[in-house]
Amino acid sequence: MPDLEAGLEIEPCRRNGWTPPPSARQAITWLVLVVLGVIYFTSLVPALHNSWQLPAYISTGVLMLAHVIVHVITISIDPSDPRVLRKKKPKIKFDEMKHQHVIENQHCNICQVNVKAHSNHCRVCNKCVWRFDYHCHFVNNCIGGRNYRWYMATLGTAFVALCLISGLAVTEFTFFFTDQTNRHILQPYRDLNTLQTYKDANFKILYQSVPYEAWLTVLAFTFTLGTSVAVAVLGLICVHIYLTSHKSTIFKSLENPSKAYVPVKVESYMSGATLNSGSFTIELVTGLPWVSTFHTTRSAKNSAKNSAKNNNNECELKMVDETCSSSAQSDNSSMCSLSQGVVSLAPSTTSL
Ligand SMILES: [Zn+2]
Ligand SMILES: [Zn+2]
């Protein structure tokens, strides 16, 4: 239940990526990181010839440590608008009877401060974020001007580490069949002279000796998982490099695809339909971002209302969320649960 202060409903806001509620995609991200790290250090590297093991441990170890550090920094930074940070005013419930838009004339009616140009109000975090790019559920935090470089470093280190892990997996898989004579790459073949057959070679998972079929299966799994994630991360890196080189952001590109790659404007205009389709496209390509700010257009609200009528459900559409609105439009039996914010009415186009 929201607190009541001076007759105003006080809404909670999130500080950074560690603030509840947790994100399932954030948990999956760390799970993938741990699984690939454990397999790499306990199954892949021990299979290497002695002379290769130390370089493999050091190079990928340092890289993964660097990734964890920049990843944690990205999650921990509060990307709020500097004026929101400085004034620390409570976030109040948006009153659509009093205001048309969440941000009017650079004043946020929820954060209760005059925000900087290019700031937008994130509905997930319920605060204004300076140079808002998008709310990334994989770090459970907004990406904005304050943590954008750390975020790009997170993507970069993740991509290189994934390439190293996947590369080693496919290399060992190949040399399993070709290194039995030379014995330059794989440790289990080092003492092949004392073995009856290559099937007696000592391959390990979690430092435990296993049949070579199980070890090969782990290699195939590691390569498939690592490559899939690496492709997704590379896609997102390319999107960001392209947008940055055109002085734009994911948020700006989704709010109006026809003006996606022009320099960022102070005023932002959008339609709910274009935002939803754009968001869906970006997610298809990268599998990563969702834009999560307030939609403040009549078209967005109308489409949601029509959806609610058609669905004949009890949706009380006070806020338009692209996740919910898209699912509501596609699933007649869906019940929207919109509880994190409100949407304002606007004649045709509005600013956030
Ligand atoms: Zn705000
Ligand atoms: Zn956010």
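Trainee: How far apart are the end C-alpha atoms of residues 150-170, and how much of the span is helix?
Mentor: They're 30 Å apart, and the span is 100% helix with 0% strand. Helices here are DSSP runs of H or I with at least four residues, strands are E runs of at least two, and both are numbered from the N terminus. Keep in mind that this is a predicted model, where local features need pLDDT of at least 70, side-chain atom pairs count only at pLDDT 80 or more, and totals for chains, interfaces and linings use all residues. Residues are numbered from 1 along each chain as its sequence is written, with chains lettered from A and ligands numbered from 1 in the order in which they are written.

Trainee: Which residues does the "transmembrane region" annotation cover?
Mentor: The unreviewed UniProt entry gives 27-48, 54-77, 150-170 and 214-243. UniProt positions are in the numbering used here, feature names are shortened, and annotations may be inferred rather than shown by experiment. Residues 214-243 are 100% helix too, with end C-alpha atoms 44 Å apart.

Trainee: OK, confidence. What's the average pLDDT?
Mentor: It averages 75, and 68% of the residues score at least 70. pLDDT is the predictor's confidence in each residue, from 0 to 100.

Trainee: Where is the pLDDT below 50?
Mentor: Over residues 258-292, a stretch that still has 89 contacts in the model beyond near neighbours in sequence. Residues 295-352 also stay under 50, with 123 contacts beyond four places in sequence. A contact means two C-beta atoms, placed from the backbone, within 7 Å. Where pLDDT is low, the predicted coordinates should not be read in detail.

Trainee: Switching to α2: why does its length agree with what a helix should span?
Mentor: Helix α2 (residues 50-76) has 27 residues, so at 1.5 Å a residue it should span 39 Å, and its end C-alpha atoms are 39 Å apart. The expected span is 1.5 Å times one less than the number of residues.

Trainee: Which residues of α2 are buried?
Mentor: Thr60, Met64, His67, Val70, His71, Thr74 and Ile75. Buried means 20 or more other C-beta atoms within 10 Å of the residue's own, exposed means 12 or fewer, and partly exposed is in between, with C-beta atoms placed from the backbone. The buried α2 residues pack against α1 (24-44), β10 (141-143) and α4 (148-178).

Trainee: And Ala66, buried or partly exposed?
Mentor: Ala66 counts as partly exposed because it has 16 C-beta neighbours inside 10 Å. Its C-alpha is 9.3 Å from that of Ala158, 92 residues apart along the chain.

Trainee: How many residues are in the largest nonpolar core?
Mentor: 56, and those with the most contacts inside it include Leu44, Leu162 and Val233. α4 gives the most to this core, with 10 residues. A nonpolar core is a set of buried Ala, Val, Leu, Ile, Met, Phe, Trp, Tyr and Cys residues joined through C-beta atoms within 7 Å.

Trainee: What does Leu162 touch?
Mentor: Leaving aside neighbours within four places in sequence, Leu162 is in contact with Gly226, Val229, Ala230 and Val233.

Trainee: Last topic: in what order do the strands of the open sheet run?
Mentor: β4-β5-β6, with antiparallel pairing. The edge strands are β4 (103-104) and β6 (113-114), each pairing on one side only. Two strands pair if DSSP finds at least two bridges between them; β4 and β5 (residues 107-108) have two. Ile103 has Cys108 in β5 as its bridge partner.
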